[in-house]
Amino acid sequence: MSSETSTKTPEAAAVPPSGPAPVNKRVPRGHKRLLTRRDRITLAFMAGVPTVLHVALVWVTALASIALAFTTWDGIGLGSIKWVGLDNFHQLFTDNPQFWPAVQHNIIWFVVLILVPTPFGLFLAVQLDKKIRFSRVYQTAFFLPVVVSLAVTGFVWQLVYNPDTGLINSLIGANKPGHYIDWIGDPHLNLWAVLIAASWRHAGYMMILYLAGLKGVDPSLREASSLDGANEWQTFKNVIFPTLRPTNTVVLVVTIIEALRAFDLVFVFNKGAQGTELLSILITNNIIGESSRIGYGSAIAVVLLVISLAVIIPYLIATFRKERRA
Amino acid sequence: MSTNAAALGKQRTPLRPARVLLHVFLVGTSLAWLAPLLWAVIAALRPYSETSNKGYVSWPDKLSLDNFKNAFEQSDMMHYFGNTLIIAVPAVLITLLLSSMVAFYVSRFDFRLNIFLLLVFTAGNLLPQQVIITPLYRLYLLIDLPGITMSGKLYDSALGLVLIHVAFQSGFCAFVLSNYMRMLPHELTEAALVDGASVWRMYWQIVLPLCKPAMAALGTLLSIWIYNDFFWAIVLISTGENMPITSALNNLSGQYFTDPNLVAAGALLTAIPTLIVYFVLQRQFVSGLTLGANKG
């Protein structure tokens, strides 16, 4: 028994490109009758407790966000909640100097992550997949940023970007008073500075996902391709890359969600001040900032929710359809 | 890794120029990748007075662990590590317990509900946290727990953080574990059922032990994620005293730390536990991440 299961490494269970689940999908109807009353109660608890907790704290609050987005509320007493229809959204779209820059920055965040660290992570994965010496050491080097928290990453990169004591300015000689390049303070530079730190982390993450994907590529494909006289690039482009499709889907979804979630780095850097506004930061500032405009903050959350669901729903439908077929 | 590498290891090709070039490239990029962290290490090892005199890019006169010691003592880091521990340990264990129960239900008993249930869990975990934070924050302020938490509310308490971690992370774990459990042969539980074993026994004594590899991978991943959490703690904890280490560092760097070298030491100290977990449980961590390929 144990031998059978131990050969199934967790990778084999990897979702969503999981292999076909063997045999049985459902317990034959008759077995339901074997369940005693106590068993049914146990089962109801086993499924019920986690579901109630998850639904109450995640989904009920998400729905509450939607409801609150159409109200104003000062947070003091439930009686002060007033329905205002689309006012919050109207104000947000037409009269908030931070909103459109935040949307734009979230989009830039995604575009940069998908165009720079993602292909680079794939490139590293392909190189490290060649069964070379010290592969583990290299992997660890690229992977360490993923292990360290984003908040700590923020502190570390602040040391790198510091105008007078930072690594970059010290190296390029811009650390003399009057010649500072203020990487974090300059609104034309700071978004890019943060994105470099974000990419630093993202590349390692993508590398691991692609390495896992590459492990699943049938070696005979590679052999066949080289027998046909294809060079390395042709093999990759025509044979390997197409088989990585499931991984690519995951990578795309992960990257979009990372771009929508982006928060910690910017918060540590400059709390989303000029030049680094993000939707997540605007929402948070509504809560922990001075003014607590709950309805207004919720309206921003709804924008974020709608964008997220536009990605999550199609992805889950595709994933679960595949599962059902399996 | 194992079987393939062993088979191929024997016929390792002699070093070709292309290989050498590749190694040069990889060594170079690895070093560039580690540079920010190494920079922090070097800064942390030097006293502020020295770097402010000689500049940061200079040969160090003496290296010492003083900054680490000062950061640790000045800011009472032990206390914050303790805070993290009382949040992370229960959160990881409860998440694993609850999500494996849902996964067991969904993968072993088809009550037609299971795809829907899994969708609810999985989708919930993919949402950005900020989507739910405003009502959650209000809810936490509304719930009175006199005598149970220090603050008398769910807000500003370790319990509150544990609950949201469990609720949020169980979405992802339930999905992964249900996939894993579905691959276990059904005969196992069927036989037990026919023999009259209770459902709980089936779960606790048959299915759960077989899920050890997946649980280990998820446990490692969860420990690192929950340890690294910054957002929930920043919003849901208001008293600096109660903060876990990552968000406390944010407060500390403004309040106590007056020089960048000390901040570097503080940041590195904060990262040490995750690095230890990673180096010890590397295999579990990586397999956990690929299990969680759908995770944001």
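My entries follow, beginning with the ground rules.

**Ground rules.** I am working from a predicted model, where local features need pLDDT of at least 70, side-chain atom pairs count only at pLDDT 80 or more, and totals for chains, interfaces and linings use all residues. Residues are numbered from 1 along each chain as its sequence is written, chains are lettered from A and ligands numbered from 1 in the order in which they are written, and side-chain values use heavy atoms, with hydrogens and water left out.

**H165(B).** I found H165(B) in helix α8 (residues 158-182) of chain B; helices are DSSP runs of H or I, at least four residues, numbered from the N terminus. H165(B) counts as buried because its relative accessibility is 3% (buried means under 20% relative accessible area, exposed over 50%, partly exposed in between; 1.4 Å probe, protein chains only). Beyond its neighbours within four places in sequence, I listed contacts of H165(B) with I87(B), A91(B), T95(B), S170(B), I226(B), D229(B) and W232(B) (contact: heavy atoms within 4.5 Å).

**S135(A).** Next I turned to S135(A), in helix α6 (residues 135-147) of chain A. Its relative accessible area is 12%, so S135(A) is buried. I also noted 19 Å between the C-alpha atoms of S135(A) and T118(A), which are 17 residues apart along the chain.

**L115(A).** Is L115(A) buried or exposed? L115(A) is exposed, because its relative accessible area is 58%. I placed this residue in helix α4 (residues 99-115) of chain A.

Conventions: Helices (H or I, at least four residues) and strands (E, at least two) are DSSP runs, numbered from the N terminus.
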